[in-house]
Amino acid sequence: MPSSFLETGLEAGKRWQELNAGERPWIRIGTALCGEAAGAFEIADAVEAALENQGVAATVSRVGCLGLCFAEPLLDVQLPGGHRIFYANVDTESVSEIISAHVVGGVPVTAKALGYIAQEGSTAPVPDGIPDLNQHPMKAWENRIVLRNAGNIDPFDIYQYIANGGYQALHKSLTELNREETLNEVKASGLRGRGGAAFPTATKWSFLAGNPAPEKFVLCNCEEGDPGAFNDKNILESDPNTLVEGVIIAGYATGASKGYIFIRHGHDGPINRCRAAVDQARELGFLGENIMGTDFSYEIEIALTGDSYVAGEESALMEAIEGKRAMPRFRPPFPAQVGLFGKPTNINNVKTLSYVPEIVSKGGEWFASIGHETSTGTVILCLSGNLKYTGMIEVPLGMNLKDVIYEAAGGMKEDKTLKFLQTGGPLGGVLGADNIDVLLDFEVLRAAGAIVGSGGLIAADDSTCIVDLTRSLIAFCQYESCGKCFPCRMGMSHLLEVLERLCRLEGTTDDLALMQKIGVNMQAGSLCGHGQLGFNPVSSALRYFGPEFDKHIVDHTCPTGTCLEPSYSPAQSRR
Amino acid sequence: MSGLVQRIHDAVHGQTQPTVTVLSSLLAVEDELGYIPKEALEFVAEFSNATVNDVWAVASFYPNFRFDPPAEHVVDVCWGASCHLVGAMNIFKSVLEAAGLDDEGDTPDKRLTVRFNSCLGACSQAPVIAMDHHLAGRVNPESAAKHVTHLLEQDGHAK
């Protein structure tokens, strides 16, 4: 083990230099959950087999996600001292061609290349006939803070993180700033929680910092059960060290004794990478007793939960870590007074904490200069549905949502027409196609009836029936209701019954008023956001697509004809 | 001690994380056996100084737990909104047909479990299914059925 942070940094730099400009080609393959679903692990195996066949020594790294999920499996080839060249939608046949022509022969397969990314310090000429990947619509709008390393570094190798500036923020906090100054940087940044509520992070931290109890906890929430959002898991898979460093700094700033990272059991990719990051941080002395030679001592534990969407609610999350049913608690007392195991606790989302290292490194003012008014910094969006380019992008807050859809995501697949966007997870809201000329800003979006929420954006084309999608969202909410508050437990079931009736074209004019009544009661009588916001899918759909609901009820027809197709959900079989 | 109880004992006592709870112990048993037998409810109750009722309250809350031995293979079909939009219902129908089932559950010969998953976490590759927890994205009804047939040609025991 190197004896000082400086020595660790030098060692990391040496290894990074060797990877980039040593004697071996460096081949990277994106293997987050999105890559896995596209077959990236098979491609990585094929690459290794082809290299062995041809007797070439190269470094093969299974990295995280570059964000261009639509192009996966994405193969990234960098010859020693050269630029990175990316091949999209690679299959096993093209692997052998790319290995023999490019890796062995030194000539890129231009026809199959999606783009190149120029490497700083490389004297090699930029490849002829291959576009600059940074000009690709999905990358051109980006400003990567949290995702700065995603797809570039091996998530299992902490040295690659350190070589790219990792752990300098912690070092700065511990050696140059005191706890209060660290918190002040976060305050100056204007950072707001990225889990959905957009509460100012520094204010939340100050509640815990102000509590003099000797044992205090910082919890990181990576439950992320939202359909359409995968950015938390993706951060853990692409750059887990940035989160771990954020959790350590949060512990220092708030005076906490221990951090917990909370992940759903079964998500092995995020779990294994996060465990490796924690273990390696401990080996290098970034966790444990007297971190970096200071009097700050801190530990991080990874806690797993069973399948439960409500476990992502902050008080239910504490119940789950304590090993109980994931049901929300009454508040007050608030977590900063009585939290996990009765101790003062602060809970933040993965994305929120992942911003912290860069904020401390570059200063709060730098972060506050990005974004729009009180929505500072960037937002990490998960693009899915009927879009041309699906994937994950990190863009400045204040970007127009219209540009996200029509520019960055390339518009709709097969040149179809956008009908609506489903935003911010199942408890978020839909936005009609005519209403997406809005800025990505917490307040602006809320006024439009949508939320930034977890960052999920699902785009639906005009072949989608709004009643059918609303039914699907409510089926999810019904299935995931924890059952503690009866207005949510029964309200969701009742809403689902009504929506199923509408989909069978058997609804009546009373049904809309009935849903409204249920929604009001759910909002008033539920302990947590699941019930309080659970009517959003219906109310926002009615707001933009009232006439389409009327068609189902009054004319007994479904304009897209999709309602009557067979529909399944666990609500039917586990009810 | 019977073989089953021994395995439960080893799984529960083999937990290495500092925070050991009823839920973490049940997850450890699920990882080892693929289900939570009655013996595990009793064992975890005694181990945690709780009642069987307390343990059952936790086990019955989380739908990832099952209480009879698992089938040999499991196919998860995602029905999240992203997958729903691009045809998850037709995928589910096709997977059920390939499995010979009417709804989610086990085949009578216990070779296959088909179940809904509310989000497999690869929304950008929708529609997504998982064969023995290995993801496959951008499937269509035909390729999904092929995945199921291929899975059934293999021996194995899904956890």
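In this predicted model, chain B is built from seven helices and five strands. Followed along the sequence, these elements of chain B come in the pattern α-α-α-α-β-α-α-β-β-β-β-α. The C-alpha trace of chain B extends over about 50 × 30 × 25 Å along its principal axes. Chain B has 159 residues, of which 48% count as buried. Among the contacts in chain B with a separation of 6 or more, 59% are made by residues 24 or more positions apart. The domain assignment divides chain B into domain 1 (3-59) and domain 2 (73-152), and the C-alpha centres of domain 1 of chain B and domain 2 of chain B are 29 Å apart.

Chain A meets chain B in a contact that takes 55 residues from chain A and 40 residues from chain B. On the side of chain A that touches chain B, the elements giving two or more residues are α2 (33-38), β8 (299-305), α13 (314-321), β12 (378-385), β16 (456-461), α18 (466-480) and α23 (570-573) of chain A. Of these, α18(A) gives the most, with six residues. By class, the residues on the side of chain A that touches chain B are 26 nonpolar, 19 polar and ten charged.

For chain A, the domain assignment gives domain 1 (11-139), domain 2 (166-368), domain 3 (375-461) and domain 4 (466-573). The C-alpha centres of domain 2 of chain A and domain 3 of chain A lie 27 Å apart. Their contact draws 18 residues from domain 2 of chain A and 17 residues from domain 3 of chain A. On the side of domain 2 of chain A that touches domain 3 of chain A, two or more residues come from each of α10, α14 and α15 (364-368) of chain A. That side of domain 2 of chain A comprises eight nonpolar, six polar and four charged residues.

Helix α10 (residues 231-238) of chain A is largely enclosed by the rest of the structure, because eight of its eight residues are buried. The buried residues of α10(A) are Asn231(A), Asp232(A), Lys233(A), Asn234(A), Ile235(A), Leu236(A), Glu237(A) and Ser238(A). Helix α14 (residues 350-362) of chain A, in turn, packs against helix α11 (residues 240-254) of chain A at an angle of about 80°, with the two axes 7 Å apart. The helices α11(A) and α14(A) are therefore roughly perpendicular to each other. From α11(A), the residues in this contact are Thr242(A), Leu243(A), Glu245(A), Gly246(A), Val247(A), Ile249(A) and Ala250(A), and they meet Val350(A), Leu353(A), Ser354(A), Val356(A), Pro357(A) and Val360(A) in α14(A). Sorted by class, the contact of α11(A) with α14(A) holds nine nonpolar, three polar and one charged residues.

Chain A also contains an open sheet of five strands with mixed pairing, arranged in the order β2-β1-β3-β4-β5. Strands β2 (59-63) and β5 (113-117) of chain A stand at the edges with a single partner strand each, so one side of each is left without a neighbour in the sheet. On average, and with direction ignored, neighbouring strands of this sheet are turned by 20° against each other.

Strand β1(A) sits between β2(A) and β3(A) in the strand order. The pairing of β1(A) with β2(A) is parallel and made of five bridges; here Ile29(A) has Arg62(A) in β2(A) as its bridge partner. On the other hand, β1 (residues 26-30) of chain A pairs in the antiparallel sense with β3 (residues 75-78) of chain A, over four bridges. Across this pairing, Ile27(A) stands opposite Val77(A) in β3(A), and Arg28(A) stands opposite Asp76(A) in β3(A). Finally, helix α4 (residues 92-104) of chain A lies across β3 and β4 (84-87) of chain A, and runs at about 10° to β3(A).

Terms used. Residues are numbered from 1 along each chain as its sequence is written. Chains are lettered from A and ligands numbered from 1 in the order in which they are written. This is a predicted model: local features need pLDDT of at least 70, side-chain atom pairs count only at pLDDT 80 or more; totals for chains, interfaces and linings use all residues. Domain bounds come from an automatic or database domain assignment. A residue is buried if 20 or more other C-beta atoms lie within 10 Å of its own, exposed if 12 or fewer, and partly exposed in between; C-beta atoms are placed from the backbone. Two strands pair if DSSP finds at least two bridges between them. Axes are lines fitted to C-alpha atoms, for helices over the stretch in contact, and angles run from 0 to 180 degrees between N-to-C directions. Two residues are in contact if their C-beta atoms, placed from the backbone, lie within 7 Å. Ala, Val, Leu, Ile, Met, Phe, Trp, Tyr, Cys and Pro count as nonpolar, Asp, Glu, Lys and Arg as charged, and the others, Gly among them, as polar. Angles under 35 degrees count as roughly parallel, over 145 as roughly antiparallel, 65 to 115 as roughly perpendicular and the rest as oblique.
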